Amino acid sequence: MAASAFYATIGLDERVRPLHKKLDKKMFYDYADLTKKEKDYMTKDIERIELTYLLTSRVINIQPFVDEEYHYEGVMFITIRLRTESKDAHVSVIGEIIQKTVPNPTVIVFEKERNVQIGTCRKRLNKNDRTKTVAEEWAYTPWFSLDHADETVKQFLRAVHMTKLSFANFFRFYQDIHLAVQAFQHAKAIGAFYIAADEQSKQLVAQIEQAEVEIAKWKNEIKKETQFNRKVEYHMKIQQLTKQIEQWKQQLRGKEQHDGETGWKIARPCQNKH
């Protein structure tokens, strides 16, 4: 199975024995207030949900992290095997249902045929009810295959290997995975596997992605436009945005050279599809 191969590739199966504990879909129906559409996604798209690994300080040498905002006493790895006919657009919805139902920091490994997709979500304690958590930040990799790993996939797999993650505490351990997932998610837009470890870097990455969306919009307008002067105007907008994107990328490269804490690596983004 693709998910098992992923766990083996990142060295997790060497450190912790897998549980392979099946999770009943009814558990999510009972604890989450799902719409009819969401229930359909869970019923029709998912073949199996299992708790594959439960990392706690009893099974791995990582300390809990607890403060006023975060409560990270362990990390769960949940595997979701999707049916062949499931739609990719439903993945993030399913991921949101799982993450909101499970209060623990969770890495979701979606599996479909011979491909995998990784989802993470940084959670903090609810200020009004500390028995609940609030989702702060979501991230999903593209689908990828370990059988046909390009350079971006290889960089991601190296970044989330057990030997590369912080074992200082579970917050830093999970954050390292989350940042790597984000780097893979944004790789196509910024043309690199770049781990944005601070807010300024994250803002630059977000600006690059938004500008790429704008470029795609103006390219679409050019195809529909019949007036030559309008086409020229749209081309000018694209050129300005392209120049701005390159300036932002230079800023990211400059930050990497200055602080040495993030990873700027040019690579061809993953093109694997299923």
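Predicted model: local features only at pLDDT ≥ 70, side-chain atom pairs only at ≥ 80, totals over all residues.
View 1. Residues are numbered from 1 along each chain as its sequence is written, and side-chain values use heavy atoms, leaving out hydrogens and water. Look for Lys202 meeting Glu137 at 3.6 Å, N to O. That pair links helix α7 (residues 199-224) with strand β8, 65 residues apart; helices (H or I, at least four residues) and strands (E, at least two) are DSSP runs, numbered from the N terminus. Lys202 counts as buried at 15% relative accessibility, and so does Glu137 at 18% (buried is under 20% relative accessible area, exposed over 50%, partly exposed in between, with a 1.4 Å probe and protein chains only).

**View 2. Strand β7 and its two partners.** On one side, five bridges join β7 to β6 in an antiparallel pair (strands pair if DSSP finds at least two bridges between them). Ile108 stands opposite Gly119 in β7. The two strands make a hairpin with two residues between them, and Glu113 in the turn has a positive phi of about 55 degrees. β7 also pairs with β8 (residues 133-140), again antiparallel, over seven bridges, and here Arg122 stands opposite Glu137. Since 10 of its 11 residues are buried, β7 is largely enclosed by the rest of the structure.

View 3. Arg114 and Asp147 meet through their side chains at 2.6 Å, N to O. Arg114 sits in the loop between β6 and β7 and Asp147 in the loop between β8 and α5, so the pair ties together parts that are 33 residues apart in sequence. Arg114 is exposed at 58% relative accessibility, while Asp147 is partly exposed at 45%.

**View 4. Phe6 and its neighbours.** Leaving aside residues up to four places away in sequence, Phe6 touches Val109, Ile118, Phe144, Leu146, Phe156, Leu157 and Val160 (contact means heavy atoms within 4.5 Å).

Terms used
Salt bridge = Lys/Arg side-chain N within 4 Å of Asp/Glu carboxyl O.
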